[in-house]
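User: Could you walk me through this one? I'd like to hear about pockets and then about charged pairs.

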Amino acid sequence: MQRGLPMQPTVVVLREGTDTSQGKPQLLSNISACLAIADTLASTLGPRGMDKLIVNDKGEAQITNDGATILKLLEIVHPAARSLVDIARAQDAEVGDGTTSVVLLAAQMLKEVRGYIEEGVSPHIITKGYRKASQLAIERIKELQVNVDKSDPAKFRDLLLKVASTSMSSKLIHSQKPFFSQMAVDAVMSLDQDDLDESLIGVKKIPGGGLQDSLLVKGVSFKKTFTYAGAEQQPKHFKDPLILCLNVELELKAEKDNAEVRVDHVEDYQAIVDAEWTIIYRKLELIEKTGAKVVLSKLPIGDLATQWFADRGIFCAGRVQAGDLRRVVQAVGGSIQSTCSDIQREHLGTCGLFEERQVGGERYNMFEDCPVAKTCTLLLRGGAEQFIEEVERSLHDAIMVVKRAVKNNQVVAGGGAIEMELSAYLRTYARTIPGKIQLIISAFAKALEIIPRQICDNAGLDSTDVLNRLRQRHASGQKWAGVDVDSETGVRDNMEAFVWEPSLVKLNAIASASEAACLILSVDETVRNPQSEEPQAGPRAPPGAASRALRGRGRGMPRR
């Protein structure tokens, strides 16, 4: 007779209350969470996409239809769904556009294989199939992409305008596409073409006025800084001035602020005060000797220095923001000086025109016709503050897309055309291979159709009808057939209609979406620490602290 096995003691590995979810239900739960996020973003896609109004815990409202911004504002806590937020942010940082598309693609890829997971297909087979399909799609885009000739500046500029207007077609400012496309292209073309550092494009938001009152300053512009009384007597208009940028404080310090000084005689105290005045006057005289007519400093310029400069016909501005001062140096030349002595001519910059101009309710200092201008400033106008912020986000997307088009001059047709072509190509390829991978590649092909389908749904078109027409056209070799939201048929050649996007946007979106889908499919267990769910309440009070704190309330404290 076989002896019964001894009873095994229960081994507690995880702390009590830890939530462990695993297996197929956990995987399906993660997929459902990703689909919930995609449903929120779906209605923002395309030229007829809707906007979202998001109110945070402080009651501040933001109106946007930028996928990365929406996901950032939603503060998603689901661990698996956070990966979708990460790919949207990565797409925004790398390319600037296509943030909504990448989230929709990743979620749709998961949705298409949900049935296979329920039927028991191993997630590893699905992952292998998706990686293969993603590789095939990327190779196909590289075959299809159209190279644009950079040697003809007019044609190349025309390409950049088309790319910028395609990026803006789904934004709030789509009605002003021609105006803002020109602005975005001019902004990027004014940068150093080898470096293309978009942080050198300054953006200033000025409430009031209409969208058409926005302007691009080919140089630098910043809001008038805090000034003292003498500032109004300073000249506000110069032609070809020398410009000196400092990191020096030109202000008398109040004695009590600095240090304790012990003196025996009144004359000694007077000598200390006189020395301070002598130091500041020497600094001012050294600045005047340089011949500079515009003096900017990161640190304060006090009332004495302001009046001194005014008497000599010199303009000065103190407390200039570090970013603005950096852009001024990039535009006018010279360098930021941390001392007033031994300043040579090569340390000074210059510009064709400096003036202080009224824009809306604010005054702005403007440096135009800068000789080494590798920077520019966008002054955005508009009614509501939220509206101007959305204009800034839309322009950021357009600028990033134009920047990518300048660096990589390959384009593909947008409006769902490239997705339909890839879908047709993958479906044809899937029929040539045996095994389960065939089904997975077909699922990937079907997932790609979410982009044209969602564009149709958002525009109020019959998506089933339009997709059938597109499938028929792509099967007959019309590789750039895409959605047209304006016509009754809903279909056109988007390459001829100039709906162009840099191929990098699509390459990045498909690679990121398939990686995110594979990542979520590879997770089959979530271990959640109960402590991480609690709000951070800070360290616990020592025992007896509450009773000590309440002691003595309601009656006078005993005298000592």
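This is a predicted model: local features need pLDDT of at least 70, side-chain atom pairs count only at pLDDT 80 or more; totals for chains, interfaces and linings use all residues.

User: OK, how much space lies in the largest pocket?

Analyst: About 660 Å³, a volume being the space filled by probe spheres set on grid points that are joined across faces, edges and corners. A pocket here is an open set of points on a 1 Å grid over the protein atoms alone, where a 1.4 Å probe fits, with protein on both sides within 12 Å along at least five of seven lines, and its lining residues have an atom within 4 Å of a point.

User: And which residues are closest to its centre?

Analyst: Of the 38 lining residues, those are Gly46, Pro47, Thr166, Ser169 and Ser170.

User: Which helix gives the most to that lining?

Analyst: H6 does, with 4 residues; helix H4 (99–118), helix H6 (153–168) and helix H15 (450–459) each supply at least two. Helices are DSSP runs of H or I with at least four residues, numbered from the N terminus.

User: Switching topic, how many salt bridges does the structure hold?

Analyst: There are 23, counting a side-chain nitrogen of Lys or Arg within 4 Å of a carboxyl oxygen of Asp or Glu. One of them pairs Glu515 with Arg131, whose closest N and O atoms are 3.8 Å apart, and this pair links distant parts of the chain, with Glu515 in helix H17 (residues 503–521) and Arg131 in helix H5 (residues 123–144), 384 residues apart.

User: Is Glu515 buried, partly exposed or exposed?

Analyst: Glu515 is partly exposed at a relative accessible area of 44%, and Arg131 is partly exposed at 45%, where buried means under 20%, exposed over 50% and partly exposed in between (1.4 Å probe, protein chains only).

User: What about Arg140 and Glu143?

Analyst: They form a salt bridge with the closest N and O atoms 3.2 Å apart, and because they sit 3 residues apart in helix H5, about one helical turn separates them. Arg140 is buried at 17%, whereas Glu143 is exposed at 55%.

User: Where do Arg393 and Glu390 lie?

Analyst: Both are in helix H12 (residues 385–407), 3 residues apart; their salt bridge has its closest N and O atoms 3.1 Å apart, and both residues are buried. Elsewhere, salt bridges with shared partners join Arg140, Glu143 and Glu421 into one network.

Definitions and conventions
Residues are numbered from 1 along each chain as its sequence is written. Side-chain values use heavy atoms; hydrogens and water are left out.
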